[in-house]
Amino acid sequence: MNLRLMAALGAALMAGPALAAGGAEILKSQCVSCHAVEKPANTSFERLWERKGPDLYYAGSKFNKAWLEKWLQNPERIRPAGELYSRHVKGSDKEDVVDESTMTPHVKLSKADAEAVAAELMKLAAPEGMVEKGAFKGEKVSMSMGAMFFNKLRGCAACHSAKAGTGGASGPELYTAGERLQSDYIYSYIKNPQKIDPHVWMPTLNLAEPDLQRLTGYILQLSASEGK
Amino acid sequence: MKTNFGQRLPLLLKSALLLGSSLMLAGQAGAAEAYTERALRNYDTYCVQCHGINRNGRGINSRDMSVQPRDHSDAKGMGDIPNEEIFRVIKEGGLAVNKSVLMPAWGNVMNDEEIRELVAYLRFVCKCGSTN
């Protein structure tokens, strides 16, 4: 066995375990500078302004794996005005607009890396009690009734978009939320956003149970009708 | 209003300057303590999304809203609303004062003290004095 072959063999052996641990490695090298993958000790108001991206330490209780795999390969903006929106808006002679010069594109991964990272993220379960398991009862919602609550009666459309190109921009688009998010996460977040993301700029509206079920169902169904 | 006098000034001169500046501050107490830093930060976090970075009611969300957010820089419009009503609309939302549901209740996000500070900040923004 010549020296070169031995070196190649050695390199292959070393690369072996690194490949197997790919998801965790990528998470460490590419994600943590903007996202918390462990519960932060500091959940202060100031931290909300300092962090560069949403927390991911409960990603496994938040996202659908298939969506993560797809999105990480082709990351498109979910929050029209970024996070946190106030840092990315500027005045104009009409409404405030997004200051595109402040927005940075999200890291884009290969298919293999996206799958490895998605698998790793799905291991990050939310702390006990953050997401109410089984809270969403899965009943079908009338879309016209859902839209009435979403747009008029509860005012969700002020900040969120239920259809591409319309609605508010300070919150994430919701026509893709059903594909993106787990139903119990949607329910729990609507019920008390600050319980999941302290100090976040979505109000806690003291919604009654039927409202929580209806809005969660509507958002899930939106994804099928308006989402891609 | 913090002034850094530096480290190397003689003590006597330093106290003289401090005395002078505190007298100055006392003279303009209203202006210097018009609002708290926390109120400004809360406004920038929760209010700007609809009421705008320029406090003029043209926030990033306002384009498609069926009822336009209040222009906080409008001295006349804001001057007509008593402090108590502003407090209530922030804490309990628009519906509590027969206004739009699009103004949500912030009482679960900010405590009463923070909301009172925000009312004072709004008075500063509208330059419309304080109405009881």
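A polar contact is a pair of N or O atoms within 3.5 Å, where, within protein, one atom must be able to donate a hydrogen and the other to accept it, and residues adjacent in sequence count only if both atoms are side-chain atoms. This is a predicted model, in which local features need pLDDT of at least 70 and side-chain atom pairs count only at pLDDT 80 or more, while totals for chains, interfaces and linings use all residues. Residues are numbered from 1 along each chain as its sequence is written, chains are lettered from A in the order in which they are written, and side-chain values use heavy atoms, without hydrogens and water.

Across the interface of chain B and chain A, 17 residue pairs are in polar contact, both residues being at pLDDT 80 or more. Between these chains there is also one salt bridge (a side-chain nitrogen of Lys or Arg within 4 Å of a carboxyl oxygen of Asp or Glu), and Glu95(A) forms this bridge with Arg58(B), their closest N and O atoms lying 3.3 Å apart.

Within chain B, Cys126(B) and Cys128(B) are joined by a disulfide, with an S to S distance of 1.9 Å, and a search of the whole structure finds one disulfide over all chains (a pair of cysteine sulfur atoms within 2.5 Å). The torsion about this S-S bond is about -70°, so the disulfide of Cys126(B) and Cys128(B) is left-handed. The sulfur of Cys47(B), by contrast, is 9.1 Å from the closest cysteine sulfur, in Cys50(B), which is too far for a bond.
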